[in-house]
Amino acid sequence: MAAEIVNPRSDSATTESADEPFDPAFALHRGGKMAIQATVPVRDKDDLSLAYTPGVAKVCTAIAEQPELVHDYTWKSQVVAVVTDGTAVLGLGDIGPEASLPVMEGKAILFKQFGGVDAVPIALATTDTDEIVETVVRLAPSFGGVNLEDISAPRCFEIERKLQERLDIPVFHDDQHGTAVVTLAALRNAAKLTGRGLGDLRAVISGAGAAGVAIAKFLLEAGLGDVAVTDRKGIVSRDREDLTEVKREIAGLTNRAGLSGTLETALAGADVFIGVSGGTVPEEAVATMAPGAFVFAMANPNPEVHPDVAHKYAAVVATGRSDYPNQINNVLAFPGIFAGALQVRASRITEGMKIAAANALADVVGDDLSADYVIPSPFDERVAPAVTAAVAAAARAEGVARR
């Protein structure tokens, strides 16, 4: 499969009327953003007899006798399913499976562009957790990995867990783990720049959804000193009685300082702010953070703390936007993570593989480290090879590689 920007497009059916201004977004999406492309020629009857019947029967029989040969003689080990139910699409929310397809196509072409990995968008017409799991399990023989995308919390946690239990291929919810990997890479470099280690830092995460929960767990796994997670009602703490099962778990893992109250309370004296929730953090609260703080305000299109405000108080500022320095962008992680996992036919993606990816991503910055450069650009050609190699090596070290 080739992820192509140029596809056959109809000139007759247009979204814009003659009286409306030209919109390049609609023009680009006309006919979709990708297409299937053959990797072998079918020019004559000899080609046809090899690509299809009767030649294909020999390959099918061989795979039936030795199922592992499917990786060598089909595209399985090179292709990922990008699966969504359309319930948490970018900043758009629950817009349904059809409306999610432009985003899923976009994800697929990013897999190809930045990791050399083929990907197929699959938007499911169900939001039932068990139905999603059963559907993906039945589709799995066609794919080498599953990237769960834009599925709302808390269902996304259960869906990922059940699929990991039932499948022997990598299952990765990018909204959780891709965000966490890139955040850790940027945080490592920010700490290095200011002469500190992760263990010296106390962080506050605004947002207790998929990304916030995953980032909190991952940063603690990597050695962060402490982290408090906040939701709309304040700090997720053990003394609250309104917590979901997921939030109860995160309350037991985080907030070693025993804080309670509001986001503003948590920010007082904090070393790191990580925003994955939207909304606006008052400047007065940012001003109470510790000297040399880091502000990673990653909501799009409007960061929780505007960079101009953050720079008044923080040593390092990052956002989710491409028009400011230090963009925390998942495309830095997921193409290389899957490329590395597929390269060694990993049975799953481990915490060690994700930490290896974050370390490799941080190392790309190297001696160029500065306050405006703690994370590389998605267009840095060193990124995907570095992450791929690190993930493949970690998979072998952790015993989940099958070649």
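**Loops, sheet and a few residues**

A: Start with a loop: Pro154 sits between strand S3 (145-148) and helix H7 (155-166). Helices are DSSP runs of H or I with at least four residues, strands are runs of E with at least two, and both are numbered from the N terminus.

Q: What kind of model is it, and how are residues numbered?
A: It is a predicted model: local features need pLDDT of at least 70, side-chain atom pairs count only at pLDDT 80 or more, and totals for chains, interfaces and linings use all residues. Numbering runs from 1 along each chain as its sequence is written, and side-chain values use heavy atoms, with hydrogens and water left out.

Q: Back to Pro154. Which residue does the cis peptide bond join to Pro154?
A: Ala153. Omega is about 5° there.

Q: Where is the peptide bond to Pro301 from, and what is its omega?
A: It comes from Asn300, is cis, and has omega near 0°. Pro301 lies in the loop between strand S9 (293-297) and helix H13 (307-313).

Q: Why mention these?
A: Most peptide bonds are trans, and most residues other than glycine have a negative phi.

Q: Which phi value does Asp150 have?
A: Near 55°, a positive value in a residue other than glycine. Asp150 is in the loop between S3 and H7.

Q: Is Asp150 buried or exposed?
A: Buried, at 3% relative accessible area. The cut-offs are under 20% for buried, over 50% for exposed, and partly exposed in between, with a 1.4 Å probe and protein chains only.

Q: And what about Asn255?
A: Asn255 also has a positive phi, near 55°. Asn255 is in the loop between H10 and helix H11 (263-267). Its relative accessible area is 4%, so it counts as buried.

Q: Zoom out. How many helices and strands are there?
A: The chain has 16 helices and 10 strands.

Q: What does the radius of gyration say?
A: The chain has 22 Å. A compact globule of 403 residues would have a value near 22 Å, so the two agree. The radius is taken over C-alpha atoms, and the globule rule is 2.2 Å times the number of residues to the power 0.38.

Q: What box do the C-alpha atoms fill?
A: Roughly 75 × 60 × 45 Å, along the principal axes.

Q: What share of the residues is buried?
A: 52% of the 403 residues.

Q: What about contacts along the sequence?
A: Take contacts between residues at least 6 apart in sequence: 66% of them join residues at least 24 apart. Contact means heavy atoms within 4.5 Å.

Q: How many charged side chains?
A: There are 35 positive and 53 negative, and the centres of the two sets lie 5 Å apart. Lys and Arg count as positive, Asp and Glu as negative; His and the chain ends are not counted. The place of a charge is NZ of Lys, CZ of Arg, CG of Asp or CD of Glu.

Q: Now the sheet. What order do the six strands take?
A: S7-S6-S5-S8-S9-S10, in an open sheet with mixed pairing. Strands pair if DSSP finds at least two bridges between them.

Q: Which strands stand at the edges?
A: Strand S7 (234-235) and strand S10 (314-319). Each has a single partner strand, so one side of each is left without a neighbour in the sheet.

Q: How does S6 join S7?
A: Through two bridges, running antiparallel; S6 covers residues 226-231. Asp231 stands opposite Gly234 in S7.

Q: And S5 to S6?
A: Five bridges, parallel, with S5 at residues 202-206. Arg202 stands opposite Asp226 in S6, and Ile205 has Val229 as its bridge partner.

Q: Which S6 residues are buried on each face?
A: Asp226, Ala228 and Thr230 on one side, with Val227, Val229 and Asp231 on the other.

Q: And on S5?
A: Both faces are covered: Arg202, Val204 and Ser206 on one, Ala203 and Ile205 on the other, all buried.

Q: Switching to helices. Where is Ala362?
A: In helix H15 (residues 351-365). Ala362 is buried at 5% relative accessible area. Leaving out neighbours within four places in sequence, Ala362 contacts Ala185, Arg188 and Asn189.

Q: And Gln343, what does it touch?
A: Thr388, Ala392 and Arg403, not counting residues up to four places away in sequence. Gln343 is in helix H14 (residues 334-343) and is partly exposed at 39%.
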